[in-house]
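Have a look at the model first, then read on.

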Amino acid sequence: MAEAASTDPIVITGGARRLGLAAALALRETDYPVLVTYRTAHPSLAMLHDKGIETIEADFGTESGVMHLAAELRGRHQSLRALIHNASEWLPEGAGHSDSVVLQRMLNVHLMAPYLLNQECGELLRRHGERHGQADIIHMSDYVASTGSKKHIAYAASKAALDNLTLSFASKFAPLVKVNSIAPALLMFQQDDDEAYRQKALQKSLLGIEPGEAEGVNAIRYLLESRYLTGKTIALDGGRHLARAS
C-alpha cells in the first residue's frame, strides 16, 4: 500500500459514528490521512482529533452547506485521495413531516450533496490521480435501492439515484478517478433494536448474521486498492437477494 505515504486525505462524510467512524479509524491506522465531516457534535470527535484526523462541521440539508464544505476542502487541500459519501439520514414517511419535506431531505443528503461535492472537488481528485495513478469516489448506497421500500419510499429512491450517479461520474472522471458504490443491507443493529426485530432481520438473508462494521470497512479498502474496478455497485447483502427469491 505505497499510496498510504501520500499527504492527500481521504474525505469521509458523516464520519463521526458507526460505519463512517470505523472506516476513518481503520484507514488512519494504516497511515492514510483522513478528514471527516460531521453534522452535529459527537463524543467521538475528541478521539478522532487524538488520532490526527481532521474534522469539518457540515450540513448537507442545504445547497449552501454543501458548497461551504467544498470551499473548505479546496482551501485546505490541493488534492484529495478519495471522497467517500457516507453521510446518510433514515427518514421514513409519516414521521411527523410532510411527504414533500421527507422527499426533499432525502434527495438533499443522498443526491444533491454527493453530486455537488463530486463536481466541486473533481479537480482535487484528478490532481491526485495525475501524480499517484488513481483517486476514488465511493458512494455508500443501500440494498433497498434495488428493491424499493414501503416504509422508506423517498429514502430508497434517493439511494437509487445515488447508484445512477456512480455510472455517470465513473464515465466523466475516468481514468484518473474510479467511482463505485457499496450497497449494504444489514451490517449492524441499532442499540435499541429489540430481539424480535433482530431475529426477523437476520432471517432475511441466506447467511443470517450481523457481520458488523468491519464488512463495510473491508469493502472500502477493496475499492481503494483496486486498480480495475469502476462504475460498479458492490452488494453487501449476505445473499439477501436470493433469500427473497426462494
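**Salt bridges in the predicted model**

Arg131 pairs up with Asp8 in a salt bridge, with 2.7 Å between the closest N and O atoms. That pair links distant parts of the chain: Arg131 belongs to helix H4 (residues 99-132), Asp8 to the segment before strand E1 (10-12), and 123 residues separate them. Salt bridge here means a Lys or Arg side-chain nitrogen within 4 Å of an Asp or Glu carboxyl oxygen, and the structure has twelve of them.

Some ground rules: this is a predicted model, so local features need pLDDT of at least 70 and side-chain atom pairs pLDDT 80 or more, while totals for chains, interfaces and linings use all residues. Residues count from 1 along each chain as its sequence is written, and side-chain values use heavy atoms, leaving out hydrogens and water.

**Lys51 and Glu29**
- These two side chains meet in a salt bridge at 3.7 Å, N to O.
- Lys51 sits in the loop between helix H2 (44-50) and strand E3 (54-57) and Glu29 in helix H1 (residues 18-29), so the bridge ties together parts 22 residues apart in sequence. Helices (H or I, at least four residues) and strands (E, at least two) are DSSP runs, numbered from the N terminus.

**Arg105 and Asp59**
- Arg105 bridges to Asp59, the closest N and O atoms being 3.8 Å apart.
- Arg105 is in helix H4 and Asp59 in the loop between E3 and helix H3 (63-76), 46 residues apart.
- Shared partners join Arg39, Asp59, Glu89 and Arg105 into one salt-bridge network.

**Exposure**
- Asp8 is buried at 6% relative accessible area; buried means under 20%, exposed over 50%, partly exposed in between (1.4 Å probe, protein chains only).
- Glu29 is exposed at 56%, whereas Lys51 is partly exposed at 39%.
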